[in-house]
Amino acid sequence: MSKKGWLAICIAVVIPLGFYVVAKQYGVAMPGHYIVDTVITRVKDGKEVSDTIWHKVANVRLQNQLGDTVALDSLKGKVIIIDFFFTHCASICPILTRNMRHLQDALKLKDYTKRVDTTFVKFLSLTVDPAHDSPSVMKRYADRYGVNSDVWWMLTGPKKTIYNFALNELKLGLQDSVSVDSNFVHTDYVALLDKDRVIRGYYHGTDTAAMARLGDDIVFIMLEKDKRQRSTAFDELKPLMIPIILILLGTAAGVVYFSRKTNKLP
């Protein structure tokens, strides 16, 4: 085969594969990780390596707007979005709740046209005034703002439990030392937790651009591969292997045929 023939095969096969590898490696900026619990140093193959243990948000049990007692442990495998509010707030809470509602509606329960199931997302709004915000009060508030209780819980419970969760589990005080303290948690921050309840982002819920970024990050988290699971990429490609091989062989045969035909021309 001539050099031109080999070059044509490389163009037909190697370059597309190269684009695939580059796109896979650098195509999407995944949401980062927040709050390190510890760093474990160990020796592997004679080299010192470090493993970062990211903070995993602990379980909490509270009561939702329907009067049901619910827990984070019941949301295994779900991406979780958390904010804080109180029903008689006249400043940031209405804006924050409306923006959360827009995000709820944008994701929808199931987008059949894109074949994406967004029921993997759970919205949680914790009241910072539980003495006033009973389940019935929150239910009226939720109905006013179009909250879908299937995907969005408004939660109340002991004030100590809620404030401990905000400050010590979500670490909101580290993100906003001005408006978040142990006396009154009043912030527009929205926290994003992945399927392992690891914090992957903080977003200003009153900022529409930040909420749009949150919407994108939710999808990225959904598509993120679990490193602990065996890769299924090869399994998914198995049904396509024969057509791919036939296409490559056909391309190579075509290049060889036309190369020889060109060489025979006077």
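How many aromatic pairs does a search of the whole structure find? The search finds 5. Rings of Phe, Tyr and Trp (for Trp, the six-membered ring) pair if their centres lie within 6.5 Å; planes under 30 degrees apart count as stacked, over 60 as edge-to-face and the rest as tilted. The model is predicted: local features need pLDDT of at least 70, side-chain atom pairs count only at pLDDT 80 or more, and totals for chains, interfaces and linings use all residues. Residues are numbered from 1 along each chain as its sequence is written, and side-chain values use heavy atoms, with hydrogens and water left out.

One of the pairs joins Phe123 and Trp152. The geometry is tilted, at 5.8 Å centre to centre and 40° between the planes. This pair links distant parts of the chain, 29 residues apart. Phe123 belongs to strand E8 (residues 121-127) and Trp152 to strand E9 (residues 152-156). Helices (H or I, at least four residues) and strands (E, at least two) are DSSP runs, numbered from the N terminus. Both Phe123 and Trp152 are buried. Buried means under 20% relative accessible area, exposed over 50%, and partly exposed in between (1.4 Å probe, protein chains only).

Tyr189 and Tyr202 form an edge-to-face pair, 6.2 Å centre to centre with 80° between the planes. Here too the pair links distant parts of the chain: Tyr189 in strand E10 (residues 189-193) and Tyr202 in strand E11 (residues 199-204), 13 residues apart. Tyr189 counts as buried because its relative accessibility is 12%. Tyr202 counts as buried because its value is 7%. Ring pairs link Tyr34 with Tyr189 and Tyr202 into a cluster.

Phe123 also touches Leu103. Leu103 lies in helix H2 (residues 92-107). At 8% relative accessibility, Leu103 therefore counts as buried. Not counting residues up to four places away in sequence, Leu103 also touches Met211, Leu214, Gly215 and Ile218. Contact means heavy atoms within 4.5 Å. Leu103 and Leu214 are 111 residues apart in sequence, yet their C-alpha atoms are 8.8 Å apart in space.

Helix H4 (residues 159-169) has Ile162, Tyr163, Phe165, Ala166 and Glu169 as its buried residues. Lys171 follows H4 and has a positive phi, near 55°.

The surface carries a nonpolar patch of Val36, Val39 and Trp54, with about 240 Å² of accessible area together. Patches are made of residues with over 30% relative accessible area and no salt bridge; like charges are joined within 9 Å, nonpolar side chains (Val, Leu, Ile, Met, Phe, Trp, Tyr) within 5 Å. A salt bridge is a side-chain nitrogen of Lys or Arg within 4 Å of a carboxyl oxygen of Asp or Glu. Accessible areas come from the Shrake-Rupley method with a 1.4 Å probe; for residues, only the protein chains shown count as cover. Val39 sits in strand E1 (residues 36-44). Val39 counts as partly exposed because its relative accessibility is 46%.

Overall, the protein has 7 helices and 11 strands. Buried residues make up 36% of its 266 residues. Of the contacts with a separation of 6 or more, 66% are between residues 24 or more positions apart. The protein exposes about 16,300 Å², and carbon and sulfur atoms supply 59% of that area.

The average pLDDT (the predictor's confidence in each residue, from 0 to 100) is 79, and 66% of the residues score at least 70. Residues 15-26 have a pLDDT below 50, and this stretch has 3 contacts beyond near neighbours in sequence. Residues 228-234 are also below 50, again with 3 such contacts. Where pLDDT is low, the predicted coordinates should not be read in detail.
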